Amino acid sequence: MTITIALPSKGRMKDDAAAVFEKAGLPIVAVGNERSYRGKVEGRDDIEIAFLSASEIARELGAGTVDFGVTGEDLIREGLVDADRQVEIAARLGFGRADVVVAVPEIWLDVETMADLGDVAADFRSRHGRRLQIATKYWRLTQQFFSSQHGIQLYRIVESLGATEGAPAAGQADIIVDITSTGSTVKANHLKILSDGVILKSEACLVRARKAEHDGDPQIKGIMEAVQMAL
Ligand SMILES: Nc1ncnc2c1ncn2[C@@H]1O[C@H](COP(=O)(O)OP(=O)(O)OP(=O)(O)O)[C@@H](O)[C@H]1O
Ligand SMILES: O=P(O)(O)OC[C@H]1O[C@H](OP(=O)(O)OP(=O)(O)O)[C@H](O)[C@@H]1O
């Protein structure tokens, strides 16, 4: 069986992902020139590398068109319905660390927790004539966290594909759900993270698509073990 592994073609995870495979004794080489989107593992004709963007990797794992992928857990959980049924997190790779968080304006002095935010959301319509607006690109994670985990139903998601932390100051939303690593963007935009507002602690993972043909396959097992041992 030919095994396809999807690796980031660009962005912040690209070099670290390649380094993990190198350390695992599976050195990646591009097929053709440097800009090529296909690669292989030196000395392993049974493995193909597909270079894709981090969010495409999550989607292809869900579709089962690749066997393994390296991408962020946030993109897996946001991109796939019932992610654990579709994929297995085979290894946490220790880079690309970032938290998906709920942040509100610093001047909301009496809002420190999700319970406080629930009170604000409940009163928002009578006070402001509209629902609380949340800017995010993480629709699924936001809905799960607000509605299922915290019982907050009165809000509206405003899609934001970039500069999300600027949305409250720009009047596009009241609060945000976004990724943070050093916290400096949240701070620079006069926002604060709620004390229980960490939705997910994400990092880059080796992820396996759950496929029946993987069961008992020594190549699949070998790749997972090689990466796990390299960490
Ligand atoms: N400071 C950060 N800001 C944004 N994402 C981060 C940060 N630190 C780590 N990540 C992680 O990096 C991943 C996204 O990587 P990157 O932004 O390089 O992708 P991308 O190439 O822009 O992909 P796509 O085009 O598919 O969005 C996510 O899993 C995210 O959690
Ligand atoms: O907590 P911090 O260290 O400040 O990092 C968080 C910020 O970094 C990312 O944006 P980036 O500028 O990297 O652009 P991107 O959204 O295109 O990835 C992310 O969307 C946040 O805005």
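The entries below go from the conventions to the sheet and then to the ligand.

I am working with a predicted model, in which local features need pLDDT of at least 70 and side-chain atom pairs count only at pLDDT 80 or more, while totals for chains, interfaces and linings use all residues. Residues are numbered from 1 along each chain as its sequence is written, chains are lettered from A and ligands numbered from 1 in the order in which they are written, and side-chain values use heavy atoms, with hydrogens and water left out.

I looked up the sheet and found it open, with 5 strands in the order S9-S8-S10-S7-S11 and mixed pairing; strands are DSSP runs (E, at least two residues) numbered from the N terminus, and two of them pair if DSSP finds at least two bridges between them. Its edge strands are S9 (155-159) and S11 (191-202), each of which pairs on one side only.

I then checked S8 (residues 132-136) against S10 (residues 175-180): the two run parallel and are joined by 3 bridges, and Thr-136 has Val-177 in S10 as its bridge partner.

Which strand gives the most to the shell around ligand 2? I found that S10 does, with 3 residues. The residues surrounding ligand 2 (a heavy atom within 4 Å) include Arg-12, Glu-165, Asp-178 and Thr-185.

For polar contacts (pairs of N or O atoms within 3.5 Å), I noted that a side-chain N or O atom of Arg-12 is 2.4 Å from an oxygen atom of ligand 2, whereas Ser-181 brings a backbone N or O atom to 2.8 Å from a ligand 2 oxygen.

Definitions and conventions: Helices (H or I, at least four residues) and strands (E, at least two) are DSSP runs, numbered from the N terminus. A polar contact is a pair of N or O atoms within 3.5 Å; within protein, one must be able to donate a hydrogen and the other to accept it, and residues adjacent in sequence count only if both atoms are side-chain atoms.
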